[in-house]
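Reader: I am new to this structure and would like to go through parts of it. Could you show it to me before we begin?

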Amino acid sequence: MTTTASTTTAAASTEPVADARALGLAHYAARGVLEHVLARHGITFQQQIALRAAITADTPRTPDDLVTQVQGSLKADPADIRATLDELLAKQLLVTDGAHLRPTEAGRELTAAVAAEVGPASARVWGGIPAADLAAAGRVLALVTERANAELAAMDA
C-alpha cells in the first residue's frame, strides 16, 4: 500500500492542534488532580504555590518578595496573595522572622507529603510521552508564556 499526499494530509488534520483551548483544558485537568490532593491536606492551590515559593527560595523572602513571585506565576491580585500569606501564617505553615517569612517544619512536611501523593499520578500523566514531544511542547509553552506576559505588560502600561 502506498501513502498518498491526501491520505497523509487527512491523517495529520485529525490530530489535535495546540491552541489556547487545548492549553486550558490540559492545565485544568492537571490542576484538578493536584487540587484533589491539596483538599485532602486542607490547603488551596494558591496557598501551595506561595508556600512552595517560600520553601524553594535561595534566601528568606519578605512578604513583598513572595507577593511579587506568586503574582508573576498566577497573575493573581496582590491583595489576594497577601491574604493567602496570612492564611499560611495562621495555619503555622509560614512564620514571621523579622522582615521575612520562613516556612515552618510543618509547611515543609506538608509540601513533601503533597509531592509524594501527587508524584505517582504525575508519572502516569507524563509517562510514555516521547522526549522529543516534551521538548517541543516545552518550547511552545515557553513562547506562549513569554508572549502572554508581554501582552499583560502592555495592558498594564
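Predicted model: local features only at pLDDT ≥ 70, side-chain atom pairs only at ≥ 80, totals over all residues.

Reader: Let us start with H5. How many residues does it have?

Author: Helix H5 covers residues 78-90, which is 13 residues. From its first C-alpha to its last it reaches 18 Å, close to the 18 Å expected at 1.5 Å a residue.

Reader: Which residues of H5 are buried?

Author: They are Ile-81, Thr-84, Leu-85 and Leu-88. Viewed down the axis of H5, these buried residues fall within an arc of 100 degrees, so they line one face of the helix.

Reader: Why do residues three or four places apart point the same way?

Author: An α-helix has 3.6 residues a turn, so residues at that spacing point the same way.

Reader: And what is exposed on the other side of H5?

Author: Ala-79, Asp-86 and Ala-90 are exposed there.

Reader: What about the ends of H5?

Author: The N-terminal end of H5 is capped by Asp-77, which has a side-chain oxygen 2.8 Å from the backbone nitrogen of Ala-79. After H5 comes Gln-92, with a positive phi near 60 degrees.

Reader: Turning to H3, is it mostly covered or mostly open?

Author: H3 is mostly covered, with nine of its 12 residues buried. Among them are Phe-45, Leu-51 and Ile-55, as well as Gln-46, Gln-47 and Gln-48.

Reader: Which elements do those buried residues of H3 pack against?

Author: Their partners are helix H2 (20-40), H4, H5, E1, E2 and H6.

Reader: You mentioned Phe-45. What sits over its ring?

Author: The charged end of Arg-31 does, 3.8 Å from the centre of the ring of Phe-45. As for aromatic pairs, the structure holds zero.

Reader: A last topic, Thr-104. Where does it lie?

Author: Thr-104 is in the loop between E2 and helix H6 (105-126).

Reader: Is Thr-104 buried or exposed?

Author: Thr-104 has a relative accessible area of 16%, and buried means under 20%, so Thr-104 counts as buried.

Reader: What does Thr-104 touch?

Author: Leaving aside residues up to four places away in sequence, Thr-104 touches Gln-92, Leu-93, Leu-94 and Val-95.

Notes. Residues numbered from 1 in each chain as written. Heavy atoms only, no water. Helix = DSSP H or I, 4+ residues; strand = E, 2+ residues; numbered from the N terminus. Expected span 1.5 Å × (residues − 1). Buried < 20%, exposed > 50% of the residue type's maximum accessible area, 1.4 Å probe, protein only. Arc of directions from axis to C-beta. Polar contact = N/O pair within 3.5 Å; in protein donor to acceptor, adjacent residues only side chain to side chain. Phe/Tyr/Trp six-rings, centres within 6.5 Å; stacked < 30°, edge-to-face > 60°. Lys NZ or Arg CZ within 6 Å of the ring centre and 35° of its normal. Contact = heavy atoms within 4.5 Å.
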